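Visitor: I'd like a quick walk through this one. Can we start with the terms and then go to the details?

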Amino acid sequence: MIEHGPLLERLLAGQSICAVTDEEAFRRLQDEVTREELNHYLRPLNRRLAQSQDGSVFFLAYQELTTDAREHLSREFKQTIQSLLPLLEWMQLVQECLGRDSALSAGDTIKLQEFILKTEDNQSLRLRLGQLASDRYFKSGSDNLDTQLKLIFKRLKENGYLFQPHKDRQFYVVTGKIEQLIELVRFIKDEESLPLEQESEQESLF
């Protein structure tokens, strides 16, 4: 189990593992024997390895949904709802700006300059982006579109939703954490009956 120590520490710290951000660790987790070894260690902690429906990301989930586990999930949801809503709004804006028919998924590439060009001549999109950038999650005080978008992308990168392969090039790759986000919302809505505000606006994402 020692060889899995660093990976276990990352998972227990709440990190998500996908091929975009750590291809080697993701490959290890695809091995059934490795998953069984990790789950054997995690079982006394009431944790287990979980994977998104599309298989793009690994993360930890509860082994059993005990009362304590449900209470913890409810508290966690209430604490993160203020970040979930702006993230979902950002995903909706990406679909509209770039003319996508489906929600973002792991491995998708977003070019910042293309996003800017699609947005700068659309007053409605600019207004929504301004409101999004000023949200407490992104904390932008600028009225400049370029500055707003760069801050949004920087924040998403810092929180693991985007990966920037080259620091000197403004294009980003969506990580598997996006799938985890969508499944978290679906799970909480289905299992905990905690309605999301602005649900109708984000309905197309689900």
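Guide: Terms first. Buried means under 20% relative accessible area, exposed means over 50%, and partly exposed lies in between, with a 1.4 Å probe and protein chains only. Helices (H or I, at least four residues) and strands (E, at least two) are DSSP runs, numbered from the N terminus.

Visitor: And the ground rules for the model?

Guide: This is a predicted model: local features need pLDDT of at least 70, side-chain atom pairs count only at pLDDT 80 or more, and totals for chains, interfaces and linings use all residues. Residues are numbered from 1 along each chain as its sequence is written, and side-chain values use heavy atoms, with hydrogens and water left out.

Visitor: Which residues are buried in helix 5?

Guide: Helix 5 covers residues 112-120, and Leu112, Phe115, Ile116 and Thr119 are buried there. Looking down the helix 5 axis, these buried residues fall within an arc of 100°, so they line one face of the helix. The arc is taken from the directions that run from the helix axis to the C-beta atoms.

Visitor: How do helix 5 and helix 6 cross?

Guide: Their axes come within 7 Å and cross at roughly 120°, with helix 6 spanning residues 123-133. That makes helix 5 oblique to helix 6. On the angle scale, under 35 degrees is roughly parallel, over 145 roughly antiparallel, 65 to 115 roughly perpendicular, and the rest oblique. Axes are lines fitted to C-alpha atoms, for helices over the stretch in contact, and angles run from 0 to 180 degrees between N-to-C directions.

Visitor: Which residues make the contact?

Guide: Helix 5 gives Phe115, Lys118, Thr119 and Glu120. Helix 6 gives Leu125, Arg126 and Leu129. Contact means heavy atoms within 4.5 Å.

Visitor: Where is Ile110, and what stands opposite Ile110?

Guide: Ile110 is in strand 4. Tyr172 of strand 6 stands opposite Ile110. Ile110 counts as buried because its relative accessibility is 1%.

Visitor: What is Ile110 in contact with?

Guide: Leaving aside neighbours within four places in sequence, the contacts of Ile110 include Trp90, Leu98, Phe115, Phe153, Leu162 and Tyr172. Ile110 and Val173 sit 63 residues apart in sequence and 6.4 Å apart in space, C-alpha to C-alpha.

Visitor: What about the other sheet: what order do its strands have?

Guide: The order is 1-3-2, in an open sheet of three strands with antiparallel pairing. Strand 1 (17-18) and strand 2 (47-51) are the edge strands, and each pairs on one side only. Five bridges link strand 2 to strand 3 (residues 57-62). Ala50 stands opposite Phe59 in strand 3.

Visitor: Which strands does helix 1 touch?

Guide: Helix 1 (residues 5-12) packs on the sheet and touches strand 1, strand 2 and strand 3. Its direction makes about 65° with that of strand 3. Helix 3 (residues 32-42) lies across strand 2 and strand 3, at about 145° to strand 2.

Visitor: Switching to backbone angles. What is the phi of Asn46?

Guide: Positive, about 60°, although Asn46 is not a glycine. Asn46 sits in the loop between helix 3 and strand 2. At 18% relative accessibility, Asn46 counts as buried. Lys139 also has a positive phi of about 60° and is not a glycine. Lys139 lies in the loop between helix 6 and helix 7 (145-158). Lys139 is exposed, with a relative accessible area of 64%.

Visitor: Last one. How many helices and strands in total?

Guide: Nine helices and six strands. Of the 206 residues, 43% count as buried.

Terms used. Two strands pair if DSSP finds at least two bridges between them.
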